[in-house]
Amino acid sequence: MTNAKERGFISAITTRSDIRLFFIFGQDESAIADIASQMAAQLVGAERIDIDSDRIRNDPALLADEASALSLFGDKRYVRVNFRREEALAAVENLLELDSCVNPVIATAGNLTKTSKLRKLVESHPRAMSHICYLPEETDAASAVMGYAATVGLKLDRSLAARIARYTHQDRKLAQAEIEKLALYYDASPQRPATVDVTIFEALSAETGEENVNGLINQIMNGDLRGTGRELVSAHNLGVDAIRITRALQRRVALLAALRAKVDKGSNPGAVVKATRSIFWKDADDFVNQLGRWTSARLVGLNGHLLDLESKLMSVREGLGVIILEEELIRIARAAARSR
């Protein structure tokens, strides 16, 4: 599910020893995570060193120290870090000043604007490589699904590929999981290709339990407190992961921010939504409603809050994470309800 530019970036982790920092950022969180994972997989047998961005903020020399540190036993290593804000700027400056770098650094971040000092530094420095992940249009997501299906020996028509893309909220890792599940069912491979029947996809999806969080996201962003409560109960009963819900909400906020920018320039909300292919027609009214409730400034604030929330969820035990998430989602729904 990659294009030529993306494949070139991924392969650079093993071919560009002059690069200190490989930086992946943008709106498509699932693509960012997938690219980082593919790059790490290229470093066969290497030890992963994780650094928390809060530590980097308190110790800007830490990143450069870990990138230049030799393993006790001479093993290969790489550094993995996720940047939340501009707290990484000093650390990245120190890293890029290194004349030599033993361990490559794979860093990820969210949607950084063109005015971001961190983004400007990485995009302009000869010792850094960056790749931006935009939210895909539905046609692009469907093509990606079809492309990945072909690699495992499955043939899909475009309408089914688009349906899988919508079902997985254009999350490439979830889409890959659906394709792999179908490949197992058909015992398919490039040597034994099979054509997928839509009824089989429906049956397999039903068997694993419908984890579609779109309803929950709509209730939250529409400011429907009762609906949010009902959807939270449903998500809890299905065992939907708290991080998955948070990231799905992040993707919605990023998409709304892009649409809201067009509305701010004078476009009609209904026309903007109708022209956006990635929006399923059943969700069109919800998007129009949400564009009326959320200004660009509030969406920016909410995006930052969700990044902080994700970081918090990843640092607490699982049971507590669910409680924290539910409280935060109710707060967001209340904020949406007050916005009209």
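How large is the relative accessible area of F9, and is F9 buried or exposed? F9 is buried, with a relative accessible area of 3%. The model discussed here is a predicted one, and the protein it describes is divided into domain 1 (4–133), domain 2 (138–204) and domain 3 (209–338).

**Aromatic pairs**

- A pair of aromatic rings is described by the distance of the centres and the angle of the planes.
- The count for this model comes to four aromatic pairs, and one of them is formed by F9 and F22, whose rings are edge-to-face with 6.3 Å from centre to centre and 75° between the planes.
- Because F9 lies in helix 1 (residues 4–15) and F22 in strand 1 (residues 21–26), this pair ties together parts that are 13 residues apart in sequence.
- F22, the partner of F9 in this edge-to-face pair, is buried as well, since its relative accessible area is 1%, a value that falls under the 20% limit for buried residues.
- A further aromatic pair joins F23 and F83, and it is tilted, with 6.1 Å between the ring centres and 35° between the planes.
- F23 belongs to strand 1 and F83 to strand 3 (residues 77–83), so that this pair ties together parts that lie 60 residues apart in sequence.
- Both F23 and F83 are buried, and together with F25 these two residues make up one aromatic cluster.
- An aromatic ring also takes part in a contact with a charge, for the charged end of R298 sits over the ring of W294, at 4.5 Å from the centre of that ring.

**Contact between domain 2 and domain 3**

- The C-alpha centres of domain 2 and domain 3 are 26 Å apart, and the contact between these domains takes eight residues from domain 2 and 10 residues from domain 3.
- Between them, domain 2 and domain 3 bury about 810 Å², of which 49% is on carbon and sulfur atoms.
- On the domain 2 side, the residues that lose the most area to domain 3 are R166, Y167 and H169, which together account for 57% of what that side buries.

**Salt bridges**

- The count of salt bridges in the model comes to 15, and among them is the one in which the side chains of R16 and D18 meet at 2.8 Å, taken from N to O.
- R16 counts as partly exposed at 34% relative accessibility, and D18 likewise counts as partly exposed at 34% relative accessibility, because partly exposed covers the range between the 20% limit for buried and the 50% limit for exposed.
- R251 and E29 form another salt bridge, in which the closest N and O atoms are 3.6 Å apart.
- This pair links distant parts of the chain, with R251 in helix 13 (residues 242–264) and E29 in helix 2 (residues 29–42), 222 residues apart.
- R251 counts as buried at 8% relative accessibility, and E29 counts as buried at 15% relative accessibility.
- Within helix 13, where D264 and R260 both lie four residues apart, or about one turn of the helix, the side chains of D264 and R260 meet in a salt bridge of 2.9 Å, N to O.
- D264 counts as partly exposed at 44% relative accessibility, whereas R260 counts as buried at 16% relative accessibility.
- Salt bridges that share partners join E29, R247, R251 and E310 into one network.

**Local features of the backbone**

- D187 has a positive phi of about 50°, although D187 is not a glycine, and this residue is found in the loop between helix 9 (172–186) and strand 7 (194–195).
- A175 has its place in helix 9 and counts as buried, at 4% relative accessibility.
- A175 and A165 are 10 residues apart in sequence, while their C-alpha atoms are 6.5 Å apart in space.

Conventions:
Residues numbered from 1 in each chain as written. Predicted model: local features only at pLDDT ≥ 70, side-chain atom pairs only at ≥ 80, totals over all residues. Heavy atoms only, no water. Phe/Tyr/Trp six-rings, centres within 6.5 Å; stacked < 30°, edge-to-face > 60°. Helix = DSSP H or I, 4+ residues; strand = E, 2+ residues; numbered from the N terminus. Buried < 20%, exposed > 50% of the residue type's maximum accessible area, 1.4 Å probe, protein only. Lys NZ or Arg CZ within 6 Å of the ring centre and 35° of its normal. Domains from an automatic or database assignment. Contact = heavy atoms within 4.5 Å. Buried area = accessible area lost by both parts, 1.4 Å probe. Salt bridge = Lys/Arg side-chain N within 4 Å of Asp/Glu carboxyl O.
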